[in-house]
Amino acid sequence: MTQRTLAVVSAGLRQPSSTRLLADQLAAATRDELVRRGDTVDVRPVELREHAHDIVNHLLTGFPSPALREVLDTVAGADGLITVTPIFNASYNGLFKSFFDLVDSDALADRPVLAGATGGTARHSLALEHALRPMFAYLHAVVVPTAVFAAPEDWSGGTADGALRRRIERAAAELADQMHRRVPSTGPADPFALTGDFEDLLGGLRRGA
C-alpha cells in the first residue's frame, strides 16, 4: 500500500462553516476513493481562519511564524490538495488569496488540486471557473475537471444531498485518480539543499577563480 498525503485548505470565516463542511465532505470522498485503489491516506485539514493573523504578519514582514511555516510545508509537500473558499463579491475571499500569495510560486507545480466554493446563491458558482481555476493554472497546478460549488439549498440536515453528492463523488474520483497515478511526494523542497555534488560545486568555484 502506498501512503498518500491530502492537504485540505478551507477559508471559511465563521464557525460552524459550510465551507469547512464542504471541505470535509470532499476530503472524505477522496480518501475513500484512494483506499479503494489500495492507498493509505493521511488527511491534513488546514483552517485558514486559525492562521489569519500569521498570514497578515507574513505579508507585512516576509517571515512566517512556526505554525504558518508548518502549514505552508503541509500544502507544498502533499500529494494532492483540496481547497474551498466562500465566494465574496464574485471571487475568492481575501484570506484565501492572501494565503496562496504566500505559497512558493513553484510549490504546486504538477500538483493535483480539487477546487470548491460555497456561496449564498448558485449564481456565484461561476467564480470557480473565472477566479479559482485561473489562479491555480498560474501556479502550474493540475486542477481536476470537476469543481464543486455548494449553495445553502444543497445541504439537507448538514449533509450533501442529490446533485451535490454526485458532484462531490465525481470530483473526488478525479482527484484520487490523479494522486494515485503519481509518484508519492517526498515532502516540500528543502531551500538549502545542494543541487549538485559538493565536490563538483567546489571544482566549479576553483575553475571560476
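Residues are numbered from 1 along each chain as its sequence is written, and side-chain values use heavy atoms, with hydrogens and water left out. Because the model is predicted, local features need pLDDT of at least 70 and side-chain atom pairs count only at pLDDT 80 or more, while totals for chains, interfaces and linings use all residues.

Helices (H or I, at least four residues) and strands (E, at least two) are DSSP runs, numbered from the N terminus. In strand S3 (residues 80-88), 8 of the 9 residues are buried, that is, under 20% relative accessible area with a 1.4 Å probe and protein chains only. The pairings of S3 are tabulated below; two strands pair if DSSP finds at least two bridges between them.

| Partner of S3 | Sense | Bridges | Residue pair |
|---|---|---|---|
| S5 (residues 112-118) | parallel | 6 bridges | Thr83 and Ala115 |

S3 and S4 form a hairpin with 2 residues between them. Asn89, in the turn, has a positive phi of about 50°.

Helix H5 (residues 127-138) has 12 residues and reaches 16 Å from its first C-alpha to its last, close to the 16 Å expected; the expected span is 1.5 Å times one less than the number of residues. Buried residues in H5 include Ala127, Leu128, Ala131, Leu132 and Met135. The buried residues of H5 pack against S3, S4, S5, helix H4 (94-102), strand S6 (142-143) and strand S7 (148-150), where contact means heavy atoms within 4.5 Å. His140, which follows H5, has a positive phi near 65°.

Methods: Buried < 20%, exposed > 50% of the residue type's maximum accessible area, 1.4 Å probe, protein only.
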